[in-house]
Each structure stands twice: as structure tokens, then as C-alpha cells.
Amino acid sequence: MTAVRVEQGGVVDRQSEVSFTWDNRHYSGFAGDTLASALLANGESIIGRSFKYHRPRGIMSAGVEESGAIVTVGVSHRRDANVKATTQELFPGLIAHGQNAWPNVRHDLGAVNNLMGRFFSAGFYYKTFMGIPPFEWGRKGTGIWMQYEKLIRRAAGMGRASRDPDPDHYEHGHLFCDVLVVGSGPAGLAAAGKCAEQGLDVLLVEQDFEFGGDYLNHGGSDSIKKRNDAVDALQKAGARMMQRTTAFGLYDYGVAGLLQRVTDHLPNADPHLPRQRFLTVRARHTILATGALERHYAFGNNDVPGIMNAHAAVCYLNRFGVLGGERVVITTNNDSAYATASNLAQAGAQVKLLDSRRQVPDSVAGLLNTRGIELETGTTVLNAHGRKHIKSVETAISGGNHWRRGMDEECDLLLVSGGWSPVVNLLSHRGVRPVWDSNNCCFVPAETAEPVTTAGSSLGIWGNSDCEASGLVAADSAIASLGGQSVSVSMPATGGWETPLEPLYEVEIKGVTKKSFIDPQHDVTADDVRLAHQEGFVSVEHLKRYTPLGMATDQGKMGNIIGLALMAEALGREIPEVGTTTFRPPYTPVSIGALAGRAFGAHFKPLRRTPMHDWNLQHGATMVDAGLWQRPWYFAREGETITEAYIRETETTRTSVGLCDVTSLGKIAIQGPDATEFINRVYSNAFAKLPVGKARYGIMLRDDGIVMDDGTTWRFSETDYFMTTTTAHAAKVMVWLEELLQMRWPELRVHVTTVSEQWAGVAVAGPKSRDVLAACLAEPATVSAEALPFMGVVESTLANGAPCRIARISFSGEMAFEVYVGSDYANSLMDLLYPRAMQIGGCLYGTEALGALRIEKGHVTGAELDGRVSIDDAGLGKMASETKSYIGSALRKRPELQRTDRPRLVGIFPKDRSETFKAGSILCSPDEVEGLGEGWITAVTHSPELGHWIGLGFVSGGHEAWQGKVLVAADPVRRGNMYVEVVSPHMVDPTGERMHG
Amino acid sequence: MIRINCPFCGERDHSEFSYGGDGSIVYPSLDAPAEEWSAAVFQRENIRGMQTESWQHVNGCRQWLLVERDTMTHEIQSVRAAHDGVGKVLEKGQ
């Protein structure tokens with residue numbers, strides 16, 4: 001534990017000390033630190049415990065690819081698990097804890113798993129526990145697995161999320177730009193700068209809290225100046241720049257998903273600010289300058305704390321002013337680690353560089369000698385020693401096509417460079433499969449026809465000045481694709497090292513078994529890959545599912561290439577033949593809160609209230625959700641339960657009068673010279689001869705002959721109709737009518753307009769409904785039996801002068817009227833009707849009583865018309881016209897829909913009339929109470945009229961087929977099974993005398 | 001996210017639209033035999049490549065549109081009003 005903060009250097013603000021808490025201990029760092037750099041500077045070594053084996057893990061990288069230092073940030077309801085310490089910006093008062101360990105990450109009892117490690121190979125838990133007890137013994141095995149699984153999940157896993165509601169709020173936003181540049185390293189800044197210079201609207205996003213990318217990792221003021229100049233120039237040119245913003249996904253048409261962390265780095269954030277913003281950006285051109293990630297390779301115990309990526313050590317030194325160790329061994333297969341060695345030696349470390357290649361260029365090697373760095377070629381690391389921190393390494397010496405044991409080297413920091421992998425994830429989101437570059441041993445982006453250009457090291461270009469040049473090339477292609485004038489710049493070659501990299505994925509000596517990790521975040525070892533192959537998993541997609549390689553937050557950043565290489569070796573094939581897995585969004589994790597934005601709780605869906613909502617509440621309504629609507633459910637009087645209330649409302653309506661808010665019904669104005677023809681084609685029953693001043697109940701079918709919706713349509717003139725739909729299907733019917741008029745029958749001169757919001761409606765139902773309504777009209781005679789017979793409609797005026805529409809139609813089965821007024825007059829309508837209804841013993845009723853009234857009558861609603869029911873199934877076949885053609889008339893006649901044993905609408909009585917039963921029960925023949933049964937129950941109610949519970953449902957063959965027989969209403973998990981009888985659905989007043997009366 | 005260039009409203013996210021399915025189907029006349037209707041309603045092509053499909057700008061102008069879209073790449077080749085008459089009015093207006 002010898003990492004120290006060096007005296008000077010770095011871009012941290014040494015004037016501003018920041019205190020924070022790690023595992024209940026107090027520490028301090030500097031503004032500009034990450035949690036990882038601050039922990040490193042404080043000499044902390046074990047930051048995490050691994051997923052499965054609970055092995056101690058330290059800081060392995062300096063970025064999003066981190067697989068070791070995964071921690072929990074925040075406490076109680078703000079606890080955020082699985083945060084990478086390497087990307088967590090330090091702020092005053094930050095509280096972080098180790099996770100997946102007990103009692104803590106330094107001393108974790110779970111580490112016993114590591115001792116048993118050789119048993120815990122890939123698939124161990126499933127193989128072991130799913131077979132107990134053996135399947136042949138019966139079905140219980142799965143149930144017992146469920147029990148094991150709970151314990152296993154607890155032992156193997158990551159941090160725990162808070163179970164409390166998220167106290168923060170999140171926002172969604174939308175952005176547009178000409179050019180989106182992802183990444184602000186040398187390539188990104190160069191590209192953005194040139195585009196902005198050309199007057200393009202540029203949006204530059206950077207996941208880090210500092211702009212600059214790799215510029216920040218280089219010692220000396222040159223690269224920092226370059227960065228500062230580029231950032232200044234961009235700001236002057238008016239480019240939009242967002243740091244702490246990750247482009248986590250790339251989608252069709254230049255759409256990118258951004259996650260902006262607004263307050264995650266602030267100690268006392270303004271409560272009015274969202275914690276994070278989820279931004280959808282639509283870019284005309286996208287430039288991906290997403291960089292490259294350094295790989296490690298598999299050798300024994302390559303996860304011991306004190307082992308990290310070589311370039312990460314340069315980042316900690318030059319950006320954060322932290323020297324990771326005093327005695328440093330660097331193991332590499334490429335040129336990039338030479339600068340690392342030089343940097344660390346300059347900072348005072350004793351450095352030994354092992355290069356697996358036997359020949360390295362003199363220029364590089366010579367440079368190292370002047371700094372006192374020891375270089376051994378043809379040498380690499382075979383195994384790391386040290387339990388809680390690295391103490392020494394065993395080396396291996398190249399013997400051509402095998403390795404042999406070399407000397408041991410003491411060290412306190414081991415840096416690994418196994419090559420670089422361009423971040424091709426975003427392009428992979430677009431379905432562009434990367435191609436293998438065998439010179440640089442990495443996948444590089446393939447060509448794409450989309451307006452997306454890749455630049456810099458994400459293209460496999462390593463040097464910073466080459467990256468700048470490739471940024472300019474990318475800018476040119478963006479400018480050209482947006483129709484601008486571009487001067488072509490020559491493209492730098494990929495790679496850029498003096499000596500080619502030599503592929504190195506694993507170092508092992510036969511017969512020596514060591515834990516060599518390829519994906520340390522998920523404890524996937526090289527042996528696991530071989531086991532997967534041995535067990536018959538041959539593709540890389542299999543590998544990912546058998547082992548957890550590259551899953552979850554890692555998404556293949558750390559171990560994908562090694563896993564692929566080892567699989568290719570096992571199969572005796574080349575890497576490109578094995579392929580690569582498809583990277584999926586998000587590139588880094590996105591919190592559920594950000595995805596939800598404000599769409600949760602009451603804002604999860606829009607809320608629709610009728611114009612008399614408040615009036616209903618003032619008059620004692622309890623509301624119920626009906627789709628998006630809130631409707632009065634029942635109007636309980638003092639001391640009444642819901643059951644007592646709806647039974648009273650039902651009885652009152654049947655004997656006197658009831659008023660019900662029916663505003664939520666869909667209402668469509670259908671107008672034009674061809675309106676009659678149109679409606680006649682849409683409805684299955686005859687409408688061609690509907691007289692002016694009349695309404696008719698209509699059923700419309702879909703093309704396939706199934707019922708779509710029902711409602712009434714009123715005729716006010718030769719060319720003017722008013723259609724009502726069910727509440728549930730209002731929007732669907734409107735879309736359907738528009739489709740028919742615009743797509744199918746363009747010759748019809750008809751206009752449809754939704755007027756659902758324009759009209760408020762009330763049903764006035766019951767034997768005394770006419771008296772009440774007449775008393776509320778300017779001309780009471782308008783609704784006399786002669787002036788307004790059954791199904792008559794009229795436009796009239798209320799006693800208060802408000803215009804209204806009245807139809808004498810009935811859903812309740814009683815004499816009834818629907819009265820509509822302009823929405824603004826809704827309250828005044830209620831204020832007229834209500835006192836008169838109350839004077840004669842009437843009441844208000846809600847949807848519960850509405851349901852009881854209609855079930856008694858066998859009237860169908862959405863519960864019955866569920867998209868599977870034909871007009872004959874619903875018992876309304878008589879309404880379907882045999883003399884005209886209409887939508888659905890041809891396919892309604894297809895044999896399947898004409899079968900007489902199809903489930904038909906029936907009424908249902910409990911056999912023992914004192915019993916209750918539930919909607920959703922399956923109706924079965926008593927000798928076969930299993931499977932799909934003979935039908936189902938759609939709606940139930942207590943019928944005051946009949947004095948017992950009744951229901952509606954569907955039974956094969958209809959009630960005629962089951963006369964005198966009993967059925968079982970099977971409801972095993974709720975009410976239990978019980979016997980029912982099947983009757984005609986018209987359970988009350990089957991001849992309809994009351995509503996005609 | 002597909003972006004659809006509505007001839008009436010301009011380029012918009014596909015979330016403003018609702019998908020109507022194959023737009024090339026010619027529905028038989030209402031009095032055509034069940035076989036013809038069955039062919040139109042149930043016997044559909046599952047096209048790989050460019051297909052003409054219908055979309056309604058349901059959260060916009062509510063016009064039904066015919067969109068030529070590549071089902072592999074989501075590339076949209078053309079967008080026009082489904083109703084010829086309305087389309088002609090639009091052309092004249094421009």
C-alpha cells in the first residue's frame with residue numbers, strides 16, 4: 001500500500017480539500033479527484049469483493065471499464081449500488097461503502113468461497129442445486145431450487161439497491177443539432193472545433209466531469225493547453241458542450257440517448273434541480289470519438305489488488321497526481337506501455353518493464369535506459385503473489401510457442417497492457433458489426449451508410465496527434481454530408497506504433513492451475529471458457545450465456561476480446577471467425593429513475609376527469625379509474641358500504657330515478673353528404689333509413705368479423721350524425737373511421753370530428769326520469785311520450801337557457817334519457833336535475849350500479865366485447881343485417897365463427913342462491929374441472945331485482961346447451977370452486993317493456 | 001427512433017405516429033366473397049426490404065400516410081398522404 005500523492009502535478013485543485021467517508025472512515029482528497037484517485041492517494045488497496053469468489057479487489061482502471069472498485073455511494077434512500085469508484089466524482093461529504101462483503105471489504109467472511117474455488121466453475125449453482133432432489137422424484141425440485149436461489153443470490157452478487165422510494169426527481173428532454181460529437185478527447189475536440197468553425201450547430205458530450213479525454217492523462221502543460229484552447233474555441237463558436245453526459249445508446253435516424261448527471265456531484269444540490277436528465281437528441285450527423293480501452297490478459301491471480309491497466313497508472317499520475325506504487329512492474333505486448341514506464345520513472349518509481357515481444361525498437365528501449373528503467377524482452381508475467389496486495393510476480397520467458405518459468409520480481413504495483421480495444425459499442429447498437437484488425441489485434445468499426453463517422457482511437461488510431469487529424473477528417477465527412485464545403489484532410493493510418501503488437505491473451509504453463517481472470521467483474525476465468533467449450537458451447541453468444549462473460553454493466557468492456565480469443569483457440573479457429581457479441585445499449589448503466597422521468601405515480605398516465613368531476617365529489621362520489629378516466633364509482637350515504645350504496649342506487653333507479661355521469665363515452669360528429677352511406681357501411685345493422693330525429697343502437701365489426709365496438713348514433717339532419725362509442729374504445733373507433741375515410745373510401749364526402757371533450761353527458765334513468773327531465777327544460781313538452789318516443793332524439797334548451805341534446809335511449813333497461821350539454825354547462829345541468837330527482841326520492845348512481853343494471857339486462861360492455869367475440873357470440877346476431885354488405889359481413893360468415901358450440905353470452909346464477917362468485921372464474925363441466933373449461937365469467941353483481949348474485953359470461957353452445965345442468969365456476973386461487981346454473985342473459989324484464997313504456 | 005417526414009407537419013419522431021400495417025393491400029368490395037376478404041385480411045406478406053406501409057400521424061395532423069420503409073434498415077424512401085385528394089390539395093398549396 002504505497003500509493004502516494006506526489007508533490008505537484010495533475011489537474012486536481014490542490015487548494016480545495018474535499019473530505020469524504022469510505023466505509024465509515026474519514027478521508028480527504030482534492031476537488032477534481034475521482035473516488036478512486038482519492039482512495040488510492042489515501043493508500044486504500046482493497047475497494048471491492050468479487051462477484052462469486054469474494055476475492056479482494058482493488059482499483060484496476062481509471063474509467064468506465066472498472067471491474068474491481070465497484071462500490072455503493074450514498075446512504076438510506078439515496079443509496080446507489082454498483083457505482084464505479086473510477087467514475088464517481090469526489091464531492092464534499094460523499095459517503096461510500098464497499099459492497100458484496102461482510103463485515104467489510106477488507107475482512108470478508110464470504111471469501112470462504114475462494115477456498116472452494118475449484119468447485120465453483122461456470123454453471124456450478126445450476127448444475128449442483130437444480131438436480132436436488134432429482135427430477136425423477138417428482139415436481140418438487142424446482143420449488144426447492146427457488147429456496148436455494150435466495151441464499152445463492154445473497155452470497156453471489158453485487159450491491160443492494162435501496163428499497164425506499166427514490167427521493168430525487170428526473171427529467172426528460174429533447175435536443176436537436178447538426179453534429180453530435182461523442183467524446184472530448186483529441187479527436188472529439190478537433191472534430192467539434194472544425195464543425196463549429198463552419199457554423200454548424202454542434203453538441204459535444206463527454207461522460208467525464210472534465211473535457212479533454214486523453215489530453216488530461218499526459219504530463220506537461222502542452223496537452224492541457226491544447227485542451228484549454230480547443231474548449232475555449234468551441235465556446236466562442238457557440239457550440240453546446242455537456243460534460244457528465246453519457247451517450248449511452250445510438251438509435252435509428254441519428255437519434256442518441258444521453259444521460260446527463262446534473263446533481264450527482266453536488267453536496268447540497270438545489271432541490272429544484274433534477275438529479276439526472278434523460279435526453280433524446282436528434283443529430284443530422286454523429287461523430288463518435290469514444291476512445292479505446294486498454295486490455296489486460298489472463299495470468300495467474302491477475303486480479304490481486306495492486307494490479308491495474310498500464311495507462312490507468314499514467315492517468316492517476318498525470319491527471320490526479322497520484323503515484324500508484326514505488327516498485328512497479330509493467331507487463332506489455334505493445335509500445336504504449338513505454339511512455340507509461342517513462343512517466344512513472346520520472347515521478348520517482350523504480351520501474352521494470354517486461355515486454356512479451358522478443359524484439360522492440362531501439363529508439364524506445366534506448367529511451368528507457370536513460371531513465372534507469374530495466375527492460376526484459378521476451379518476458380511476461382505468469383502469476384501474481386500477494387493476498388491483500390501484490391507482493392511479487394513470477395515471470396515467464398518466451399520459448400517460441402510456449403512459456404517457461406522465469407525469475408520472481410518483487411513489486412507493489414503491477415501494470416498490464418495487453419493491447420487496446422476501440423470502443424465500438426455505439427456503432428454496434430446500430431447493428432454495424434465491427435471488423436477484426438489483425439495488425440492491432442482489435443475490432444474496429446465497419447463502414448456504415450448512416451451519417452455516423454468514427455474518429456480517433458475508437459478507429460484504432462493510437463497517437464494523440466493522429467487522433468486530432470482523424471477528428472478533422474471526421475469533421476470533413478460531417479460537413480460534406482450536411483452539404484457544406486469541405487477541404488479533404490488526409491486520413492492518418494490506423495495503429496501508430498513502431499513495432500507491431502504481439503497477440504497475448506493468456507500466459508500459462510501446462511499443468512499449473514491458476515485462477516486467471518478474463519472478466520474479473522463476473523469472476524469468469526480462462527478455465528471457465530475452456531469448460532464452456534468442453535461442454536459444447538461453440539459460439540461466443542453461447543459463451544456469454546453459459547458464463548456471465550461481459551454481461552451486466554460491463555458489456556464486454558474488460559474481458560470480451562480475451563474470452564473470444566480463448567474460445568477461438570479452443571475451437572482451433574481465428575478470432576474473426578468466432579465473431580463478437582453484439583453490444584447493446586446502454587453503454588454504461590442508466591438509472592431506472594432517469595428512464596421513468598416524471599412518468600411515475602399519478603403522472604404515470606394521463607388523468608381524464610369529466611367536467612362534473614368536482615360536482616360529483618361534492619355530492620359524495622367515490623371515484624374509480626376507468627381507463628384514463630376517473631368516474632364516480634358509487635355515492636355512499638352516511639354509514640353505507642360500497643355494496644349497500646350500489647344496491648340502493650340500483651333499486652332507486654329501477655323504482656324512481658337515478659342520474660349518472662356518462663361523459664366518458666366517446667362522441668364523434670359525422671357530417672357530410674355521404675354520412676348516411678358511410679355509417680351504413682360501418683355498422684352491421686341497418687342505418688340507411690334512420691329518420692332524422694332518431695337514434696339507433698349499432699354494432700360495428702372489424703374486417704375479420706369480430707365485434708369492435710357498440711354505441712348509439714343519432715341523426716340530426718340529412719347530413720349530420722352524432723355517434724357515441726364505449727368509453728374504452730373511443731380513441732380506437734375514431735382512428736378506425738379516419739382510416740376508412742382516408743385509406744379505403746376516399747370517394748366518400750364525410751368528415752369525422754371527435755367531440756368527446758365538447759359534450760358532457762348525463763343518463764337520467766328510471767320510471768320517473770321523464771318527470772325530472774321535463775322539469776329542467778325550457779319546454780317540458782319536448783320530452784313527452786308523444787314528442788320523444790323510444791329512440792327519439794331532439795335538440796332543445798335547458799330551463800337555464802343552455803342548449804342541450806337529448807336522446808331517449810336506455811342502457812339500464814328502464815325508461816331513460818341521455819342528456820348532453822356543452823362541457824362548460826355540465827355543473828348547471830347537474831344543478832337543475834339533481835334537486836328535482838331528490839324531491840321525488842331519486843339518487844345519483846355510479847359505475848357499480850350502472851354495472852348492476854346492465855348485467856341484469858344482459859347488456860354487453862368491454863368486459864364481454866374483448867376482441868374474440870363475434871356478434872352471434874354476444875347474442876346480437878339478429879341485429880346483423882342480411883340484406884346489406886358492411887365491414888366484417890363477409891368474414892363474419894366464415895365457418896369457425898358460425899360454429900354452434902362457440903362460447904355464447906349467458907346469464908349465470910349460483911346454484912345455491914345465497915352464494916357469491918367472482919368474475920374471471922372459469923366455467924367447467926363438473927366432470928372435468930381443469931384445462932380451458934367450457935367458458936368464463938365476465939361480470940358479476942348482486943341483483944336487487946332477483947335478490948341474489950348473478951353474472952354474465954360465455955359458455956360453449958350458449959344457455960340452451962346447458963339448460964337444467966350445473967357447471968362449476970372454478971376459481972381455485974381466490975374464491976374457491978362452486979356450482980352455478982346457466983340462464984338467458986336477459987335476466988330482468990326480458991321483453992323490454994320498461995324502457996319502451 | 002424512426003423519424004417520419006409527415007407531408008403536412010414536417011419531420012417528427014415515430015412516437016407521434018401509429019403503425020397501420022401493410023399499406024399496399026387493396027381491400028375487396030364489401031360484397032366480395034369471403035375468400036377474397038380472407039386473402040386480404042389474413043394472407044399477408046412478411047416483407048424483408050422495402051415495403052409500403054400505413055402510418056397515422058395520430059398525435060399530429062391525424063392524416064393517414066403511406067410510407068415506403070425498408071424493414072431491414074428502417075430507411076424511409078417516401079412518405080405521401082394516403083388520400084389522393086388531400087395529397088393534391090397539399091401539392092397545390094405548396
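**First stop: a pair of strands**

Select residues 3-6 of chain B, strand β1, together with residues 10-13 of chain B, strand β2: the two pair in the antiparallel sense over four bridges. (Strands pair if DSSP finds at least two bridges between them; strands are DSSP runs of E, at least two residues, helices are runs of H or I, at least four residues, and both are numbered from the N terminus.) With three residues between them, β1(B) and β2(B) form a hairpin. Now click B:Cys6, whose bridge partner in β2(B) is B:Gly10.

A quick word on what you're looking at: this is a predicted model, where local features need pLDDT of at least 70 and side-chain atom pairs count only at pLDDT 80 or more, while totals for chains, interfaces and linings use all residues. Residues are numbered from 1 along each chain as its sequence is written, and chains are lettered from A and ligands numbered from 1 in the order in which they are written.

**Zoom out to chain B**

Colour chain B by secondary structure and you'll find two helices and six strands, running β-β-β-α-β-β-β-α along the sequence. Its C-alpha atoms fill a box of roughly 40 × 30 × 20 Å along the principal axes.

**Over to chain A**

Show both chains: 24 residues of chain B are in contact with 22 residues of chain A, contact meaning C-beta atoms, placed from the backbone, within 7 Å. The largest share, four residues, comes from α1(B).

Technical notes: Contact = placed C-beta atoms within 7 Å.
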